[in-house]
Amino acid sequence: MKGKFFYCLLLSFAVAGLSHAQTFVLVHGAWHGGWCWKEVAKELQAKGAEVYTPTLSGLGEHQHVLDTSINLETHIQDIVSFINMQDLHDVILVGHSYAGAVIAGVADRIPTRLKKLIFLDAMLIENGRSALTSQPANLSDNVRASTASSHGLSVPVWSPEVFGVTDTAQVRWVSARLTPQPFRSFDQTLKLNHPYGNHLPLIYIACTQPQMAQLKVFGDKAKNSRDWSYYELPTGHDAMITMPEELTALLYKISN
C-alpha cells in the first residue's frame, strides 16, 4: 500500500507539472517558415513547454499554394484557425518581424485563447496601416518594384545576411529554405476592432547587433512606452537562427 501511495503521489506531481507547462505558438516572419524555429522549439520542449511552429500560407512547405488571394488576413486566419483547431489556451504567441502584424490581428480576434504577446524584432503595424505604409517610402517603393518579375504575385527573397545570419553553414541552411513572400501580405492594411493587443500583456524583444534600421522605430516605440515590457538580444534579426539558446532562455523567462 505504501508503494502504491508514493506512486500516486509522484503521478499527481507529474500531472500538476504538466498542467502548468507553457504553451508557445511561434509565428515566423516574411520569407521564412516554421522551419526557422527548429532549435528554439527543441530547447523550449526540453524545458517542458508545448511548442507549435505553424507555417503561413504560401510560404515554406506551403509555397506550392502561393497565389494572389493570399494576404495579411489569410495569415491572421491561418493562426486563428490553428489555435482553435488545436484547442490551445493560455497561448504565449510569438511573432517575428512581419508576423508582428499577424499576431496583432490574432489577438484582436481570439484574446481569450491567449496569455501574452511577444513581438520578436517585429513590426508594430497600427490599425489601418500595412507593412508597406509603415516603412520608409524608399523601402516600400523598392519592395513594390521587386514584384515585377512575378507580375505582382510575390516579393523575392532577401539574403540571409540581411537578417544578420553570417555563419557560413547557417547561411547555406537558411538560403535553401527561404521562399518568396506573398506581396498582398505586405500591401493589405491591418484591420483591428479593439485597442492594439486587445488588453493582453505586450512584450518586445529587439535584436540590436546589428539592428535593422527599418525596425529600430518599432523597438524604440516599445522601449519608451509604459504599455510594453522591453528586452534586447545582442544579435541580428534572425535570433532564432543566430542565438537560439539565449532566445529560448529569454522566452522562457518572459513566459513565467
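Helices here are DSSP runs of H or I with at least four residues, strands are runs of E with at least two, and both are numbered from the N terminus. The model is predicted: local features need pLDDT of at least 70, side-chain atom pairs count only at pLDDT 80 or more, and totals for chains, interfaces and linings use all residues. Residues are numbered from 1 along each chain as its sequence is written, and side-chain values use heavy atoms, with hydrogens and water left out.

**Stop 1: Lys47**

Select Lys47, in the loop between α2 and β2 (50-52). Its relative accessibility is 41%, so Lys47 counts as partly exposed. The cut-offs are these: buried is under 20% relative accessible area, exposed is over 50%, and partly exposed is in between, with a 1.4 Å probe and protein chains only. Now show its contacts (heavy atoms within 4.5 Å). Leaving aside neighbours within four places in sequence, Lys47 is in contact with Thr248 and Tyr252. Lys47 and Val157 are 33 Å apart, C-alpha to C-alpha, and 110 residues apart in sequence.

**Stop 2: Ser154**

Move to Ser154 in strand β5 (residues 154-155). Ser154 is buried, at 8% relative accessible area. Not counting residues up to four places away in sequence, Ser154 touches Leu66, Ser146, Thr147, Pro180, Gln181, Pro182 and Phe183.

**Stop 3: helix α4**

Select residues 99-109, helix α4. How many of its eleven residues are buried? Ten are, which leaves the helix mostly covered. The buried set runs through Ala99, Gly100, Ala101, Val102, Ile103, Ala104, Gly105, Val106, Ala107 and Asp108. Show what surrounds them: the buried residues of α4 pack against β1, α3 (72-85), β3 (91-96) and β4 (114-120).

**Stop 4: helix α8**

Next, take residues 213-223, helix α8, where Leu215, Phe218, Gly219 and Ala222 are buried. These four cover an arc of only 100 degrees around the axis, which puts them on the same side of α8. The arc is that of the directions from the helix axis to the C-beta atoms. An α-helix has 3.6 residues a turn, so residues three or four places apart point the same way.

**Stop 5: the cavity**

Compute cavities on a 1 Å grid over the protein atoms alone; a cavity is a set of points where a 1.4 Å probe fits but cannot get out, and lining residues have an atom within 4 Å of a point. Points are joined across faces, edges and corners, and a volume is the space filled by probe spheres set on the points. By this rule there is one cavity of 30 Å³ or more. The largest cavity has a volume of about 250 Å³.

Which residues lie nearest its centre? Select Trp31, Ser97, Met123, Trp158 and Phe186, out of 20 lining residues. Helices α5 (137-146) and α8 each supply at least two residues of this lining. α5 gives the most, with three. Colour the lining by class: 13 residues are nonpolar, seven polar and none charged. Nonpolar means Ala, Val, Leu, Ile, Met, Phe, Trp, Tyr, Cys and Pro; charged means Asp, Glu, Lys and Arg; the others, Gly among them, are polar.

**Stop 6: aromatic pairs**

Rings of Phe, Tyr and Trp (its six-membered ring) pair if their centres lie within 6.5 Å; planes under 30 degrees apart are stacked, over 60 edge-to-face, and the rest tilted. The whole structure holds twelve such pairs. Zoom on Trp35 and Trp173, an edge-to-face pair, 5.3 Å centre to centre with 80 degrees between the planes. Trp35 is in the loop between β1 (23-27) and α2 (38-46), Trp173 is in helix α6 (residues 168-175), and the two are 138 residues apart. Trp35 is buried, at 15%. Trp173 is partly exposed, at 26%.

Then pick Tyr196 and Trp228, a tilted pair, 6.4 Å centre to centre with 40 degrees between the planes. Tyr196 lies in the loop between α7 (183-187) and β7 and Trp228 in strand β8, so the pair ties together parts 32 residues apart in sequence. Both residues are buried.

Finish with the cluster that ring pairs make of Trp31, Tyr98, Trp158, Phe163 and Phe186.

**Stop 7**

Select Gln209 and Pro210: the peptide bond between them is cis, with omega near -5 degrees. Pro210 sits in the loop between β7 and α8. Asp90, not a glycine, has a positive phi of about 55 degrees. Look for Asp90 in the loop between α3 and β3. His151, not a glycine either, has a positive phi of about 60 degrees. His151 is in the loop between α5 and β5, and is exposed at 77% relative accessibility.

Methods: On a 1 Å grid over the protein atoms alone, a cavity is a set of points where a 1.4 Å probe fits but cannot get out, and a pocket is an open set with protein on both sides within 12 Å along at least five of seven lines; lining residues have an atom within 4 Å of a point.
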